[in-house]
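Hello,

Here is the structure I promised to pass on to you. Have a look at it first, and then read on for what turned up.

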Amino acid sequence: MTRNRITVPLHAIAHGRAGDKGNRLNVNVIAYRPEFWPILLEQVTEASIAALFAHRGVTRVVRYELSKLQALNFVIDDALEGGVNSSLSLDTHGKTLSFLVLDLPVELPPHIMPSDTAIRSNTSNLDPVMGGVDNE
């Protein structure tokens with residue numbers, strides 16, 4: 001990546017959904033705004049998702065681009081420890097695994113976020129939808 005970029009977690013620019021079919025996990029990543037779509041295409045790759053799920057023994061990751069929705073669909077094979085009927089996992093359907101993906105760091109050029117949004121490397125208090133900081 002280039003200099004002068006800001007690193008934020010993926011959830012600052014996108015939301016996600018997850019589901020299952022047997023031992024196969026589907027994770028969708030959907031850009032909050034159109035200007036975030038090129039960042040998803042560039043940085044949320046099959047390789048980056050495979051690396052995130054390596055500890056689960058995945059054997060294949062396929063990325064499908066849904067450009068009209070500005071969304072990515074990842075099909076991840078062998079991510080659910082055998083699937084609903086054989087896994088001992090608490091989350092046999094993999095519903096919470098979208099949060100693993102949404103924690104992926106992405107780099108943004110400084111001009112891409114509104115200037116009134118405080119982006120720091122720790123964005124745990126960033127509200128990506130409303131574009132502001134929660135000062136609780």
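In what order do the elements of the chain run from the N terminus on? The order is β-β-β-α-α-β-β-α-β-β-β, which amounts to three helices and eight strands. Please keep in mind that this is a predicted model.

The chain has 136 residues, and 42% of them are buried. If you take the contacts between residues at least 6 apart in sequence, 62% of them link residues at least 24 apart.

Next, the inside. The largest nonpolar core has 31 residues, and the ones that touch the most other members are Leu-10, Ile-13, Leu-25, Leu-40, Val-44 and Ile-76. Among the elements that each supply at least two residues of this core are strand 2 (14–21), helix 1 (37–43), strand 5 (71–77) and helix 3 (97–102). Strand 3 gives the most, with four residues.

Now to the charged side chains. In general, side chains of opposite charge can pair when their charged atoms come close. This structure holds four salt bridges. One of them joins Asp-77 and Arg-60, at 3.0 Å from N to O. Asp-77 sits in strand 5 and Arg-60 in strand 4, so this pair ties together parts 17 residues apart in sequence. Asp-77 counts as buried because its relative accessibility is 10%, while Arg-60, at 44%, is partly exposed. Arg-24 belongs here too: salt bridges with shared partners join Arg-24, Arg-60 and Asp-77 into one network.

Arg-33 and Glu-35 form another salt bridge, their closest N and O atoms lying 2.6 Å apart. Both ends are partly exposed: Arg-33 has a relative accessible area of 24%, and Glu-35 has 34%. Glu-65 is paired with Arg-63, and here the closest N and O atoms are 2.6 Å apart. Glu-65 is partly exposed, at 49% relative accessibility.

Leu-66 belongs to strand 4 (residues 60–66) and is partly exposed, at 34% relative accessibility. Ser-48, in helix 2 (residues 46–52), is buried, with a relative accessible area of 16%. Apart from neighbours within four places in sequence, Ser-48 is in contact with Gln-43 and Leu-104.

Enjoy exploring it!

Best wishes

Methods:
Residues are numbered from 1 along each chain as its sequence is written. This is a predicted model: local features need pLDDT of at least 70, side-chain atom pairs count only at pLDDT 80 or more; totals for chains, interfaces and linings use all residues. Side-chain values use heavy atoms; hydrogens and water are left out. Buried means under 20% relative accessible area, exposed over 50%, partly exposed in between (1.4 Å probe, protein chains only). Contact means heavy atoms within 4.5 Å. A nonpolar core is a set of buried Ala, Val, Leu, Ile, Met, Phe, Trp, Tyr and Cys residues joined through side-chain atoms within 4.5 Å. A salt bridge is a side-chain nitrogen of Lys or Arg within 4 Å of a carboxyl oxygen of Asp or Glu.
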